[in-house]
Amino acid sequence: MGYEKPQIRSTTVIGIIRDGKAALGSDGQMTLGNTVMKHSTRKIRSLYQGRFITGFAGATADALTLLDRFESKLEAYSGKLDRAAVELAKDWRTDKYLRRLEAMLAVVSTDKALIISGTGDVIEPEDGIVAIGSGSMYALAAARSLMKHTTLSAEEIVRESLQIAADICIYTNDHIVIETL
């Protein structure tokens, strides 16, 4: 029987690119098992001189380790997002220590949105919407509908999508933090 990573059930992070602007937001709930440990955790970070915003889902210490590694990759590759993400994913797959980290990253810039998965995959969604964490599918469905049927800004769509996820997902709360580019 092989090692199976547990499902990441700890938050909702969603990012959107619309009309040359990007927004990424998350809720603030931190859980340990089925217990809420904190309501206002900040899971969003601006990186590389404010050119990128990233958010994380999963084990907090693991995610912060990955954020540090990702930031160093951005520095090493002069802010080339695709290259930094691929190099992080390579490390994630091959490094014995990183391979055990249980986290995911969502990254947005004004022209690109990526998910770096817990298995070391780099995914660029076709619609410019990234969503990770336990409430991600609720937020993603809301964001897609809002993108299609409204003229709301990226920030407004992120806020509303997170609110909808918070109303449905027990691992997501309504202490919302959003950053924009």
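Mentor: Start with a definition: buried means under 20% relative accessible area, exposed means over 50%, and partly exposed lies in between (1.4 Å probe, protein chains only). This is a predicted model, where local features need pLDDT of at least 70, side-chain atom pairs count only at pLDDT 80 or more, and totals for chains, interfaces and linings use all residues. Residues are numbered from 1 along each chain as its sequence is written, and side-chain values use heavy atoms, with hydrogens and water left out.

Trainee: Which residue does UniProt list for "active site"?

Mentor: UniProt positions are given in the numbering used here, feature names are shortened, and annotations may be inferred rather than shown by experiment. With that in mind, the "active site" entry in UniProt is Thr11.

Trainee: Is threonine 11 buried or exposed?

Mentor: Threonine 11 sits in the segment before strand E1 (12–18). Strands (E, at least two residues) and helices (H or I, at least four) are DSSP runs, numbered from the N terminus. The relative accessibility of threonine 11 is 1%, so this residue counts as buried.

Trainee: Which side chain joins threonine 11 in a polar contact of 2.6 Å?

Mentor: A polar contact is a pair of N or O atoms within 3.5 Å; within protein, one must be able to donate a hydrogen and the other to accept it, and residues adjacent in sequence count only if both atoms are side-chain atoms. Here the side chain of threonine 11 is joined to that of lysine 43.

Trainee: With which side chain does the side chain of threonine 172 make a polar contact?

Mentor: Threonine 172 lies in the loop between helix H5 (154–168) and strand E11 (177–180). Its relative accessible area is 4%, so threonine 172 is buried. At 2.5 Å, its side-chain partner is threonine 12.

Trainee: How many salt bridges are there?

Mentor: A salt bridge is a side-chain nitrogen of Lys or Arg within 4 Å of a carboxyl oxygen of Asp or Glu. By this rule, the count is nine.

Trainee: What separates glutamate 87 and arginine 83 in helix H2?

Mentor: Their side chains meet in a salt bridge (3.2 Å, N to O). Glutamate 87 is buried at 12%, whereas arginine 83 is partly exposed at 42%. The two are four residues apart in helix H2 (residues 81–94), so the separation is about one helical turn.

Trainee: How many residues apart are arginine 144 and aspartate 127?

Mentor: The side chains of arginine 144 and aspartate 127 form a salt bridge at 2.7 Å, N to O. This pair links distant parts of the chain: arginine 144 in helix H4 (residues 136–149) and aspartate 127 in the loop between strands E9 (122–123) and E10 (129–133), with a separation of 17 residues.
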